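Here is a short report for a first look at this structure. Keep the sequence and the model side by side as you read.

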Amino acid sequence: MTAPPPRNADGPRPDVVVVGGGIGGLSAALRLRAAGCPVTLIEAGPRLGGRANVIEHGGFRFDTGPSLLNYPWVFEELFAAAGRRMADYLTLLPVDPSIRFLWPDGAALSLSARLPRLRAEMERFDPEAGAGLMRFLADAEFKFGFAFRKLVRSNVSNPLRWLGALSPRELARSAVWRSLNGELARFFRNARLREALGSYAMYLGGSPWTLPGLFSILPYGELAYGLWLPRGGMYALVEALERLARELGVVVRAGVRVRRIRVDAGRAAGVELDGGEFVAAAAVVSNVDVPTAQADLLGRPPPRRPLAMTPGVLTFYWGIRGRVEGLRHHTIFLPDDFRDTFADLLRRRRIPEQLAFYISVPTDTDPALAPPGDTAAFALVPTPRLSELGSVDWSALIAATRGRVFERLRAHGIALDPARIAVERVWTPEEWRVRFGLHDGSAFGAAHSLFQLGPFRPPNRDRRVRGLYYVGASTTPGTGVPMVALGGEMVARRVLEDAAR
């Protein structure tokens, strides 16, 4: 079944090739096809999804990358743009408590989208935290509203015009001149509450002391909209998007590698495949990590000022016989010295002395992801990037890190005997680079410092080649499953606007 162009469509509808079938590439392909463009999506891997992929072995199903879905409204909008209902393709299971934080001394904090429960949890750390929480939620709601209305989804490339979209009151409340930790300190006196809410910084390529205070909208968004797991795991979202794409008439070619993007007279003309085939197109959308695309598909030399990237990750996928008591769906293990761990990772460029890591147990929400009575688990440990790690004995690093994770589990009384692990897969930053073209092994794309936000970020339209566009974690609006999906909407708008000129 192929959806017709929308009734309000006008102007030409160019043939488009999308290179890479991650969430961003799928989103762009869906938006463009729903607008009437002929679209071919080409993916080098055997299946779509990019880093949001899946490992299946011995009855266990592991999501390789994202472990939870936030901002489900982004995907409801995406399905609606194609004239469909997300609920007809995907069932979302609530995850609540959403995240549990553990400190070495045994202190624990659980976040919840249920306000009374969340307030009571925070007041265990500080009796006045409940009042601070209410002020924080009101302030972050205001910031979240104008950020998504005026900044996040904006294709404006001029910084003054981008910030000029804000009213004086919105600009004053944006907290871009204050650090995330400083912004959280306005509402929470307790350091551990700030550590929990500021821990998102690690996956944005900065620390709570360096990232802008506007990022307080991240914990707010998860508290306001909840966290969810698609039935069947996060990869079920990819499967739903692929099914929709095929229904709309997107030509999907998996297991086909693009050798280069052909440029004729300063304009993208299509792509050349490894086998020599040429696929012509009026527009090319690359879902390959931007630095990788520019180096490998365009043959450009490295830029004089390299893009600041997020850390790498070492990921363990464990199929465990029986249940694991003490682990919920998403548990983050924080260190004693939170600031020093960030300094180790980002400034000293080494594996932190005190690990900060998380473990996801999706079978806590969807038991069908493992054989009956068993557990599927995923541990993620941030690392420096490949260029910072230098020459590495991966076997030794894996063994040492694995041992440190199990040592921390034992300290919390979490009984996970390594002998119960029936299935184990380990991906290093090098594995992530090779599998998905992640530049320098960076797991989450370009970092989100103040001067890598909005128009300061690599743009989604190439500055040198007409008809060439980018979508994904290293371009606008940023990293994360909902953000790259919104990036697909933004780049589709660019393609259509340029075609109408």
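Which residues in helix 11 (residues 290-297) are buried? They are Val290, Pro291, Thr292, Ala293 and Leu297.

## Basis

This is a predicted model: local features need pLDDT of at least 70, side-chain atom pairs count only at pLDDT 80 or more, and totals for chains, interfaces and linings use all residues. Residues are numbered from 1 along each chain as its sequence is written, and side-chain values use heavy atoms, without hydrogens and water.

## Helix 11

Buried means under 20% relative accessible area, exposed over 50%, and partly exposed in between (1.4 Å probe, protein chains only). Helices (H or I, at least four residues) and strands (E, at least two) are DSSP runs, numbered from the N terminus.

The buried residues of helix 11 pack against strand 1 (16-19), strand 10 (258-264), strand 13 (283-286) and strand 19. Contact here means heavy atoms within 4.5 Å. Gly299 follows helix 11 and has a positive phi, near 70°.

An open sheet of 5 strands runs 9-2-1-13-19, with parallel pairing. Strand 9 (251-254) and strand 19 stand at the edges, each with a single partner strand, so one side of each has no neighbour in the sheet. On average, neighbouring strands of this sheet are turned by 20° against each other, direction ignored. Two strands pair if DSSP finds at least two bridges between them.

Strand 1 and strand 13 run parallel and are joined by 4 bridges. Val18 stands opposite Val285 in strand 13. Helix 16 (residues 481-499) packs on the sheet and touches strand 1, strand 13 and strand 19. The direction of helix 16 makes about 165° with that of strand 19. Axes are lines fitted to C-alpha atoms, for helices over the stretch in contact, and angles run from 0 to 180 degrees between N-to-C directions.

## A hairpin

Strand 6 (residues 99-102) and strand 7 run antiparallel, joined by 4 bridges. They form a hairpin with 5 residues between them. Gly106 in the turn has a positive phi of about 95°. Ile99 stands opposite Leu111 in strand 7.

In a regular strand the side chains alternate between the two faces of the sheet. Strand 7 (residues 108-111) is covered on both faces. Ala108 and Ser110 are buried on one side, Leu109 and Leu111 on the other.

## Phe456

Phe456 lies in the loop between helix 15 (429-436) and strand 19 (468-470). Phe456 counts as partly exposed because its relative accessibility is 33%.
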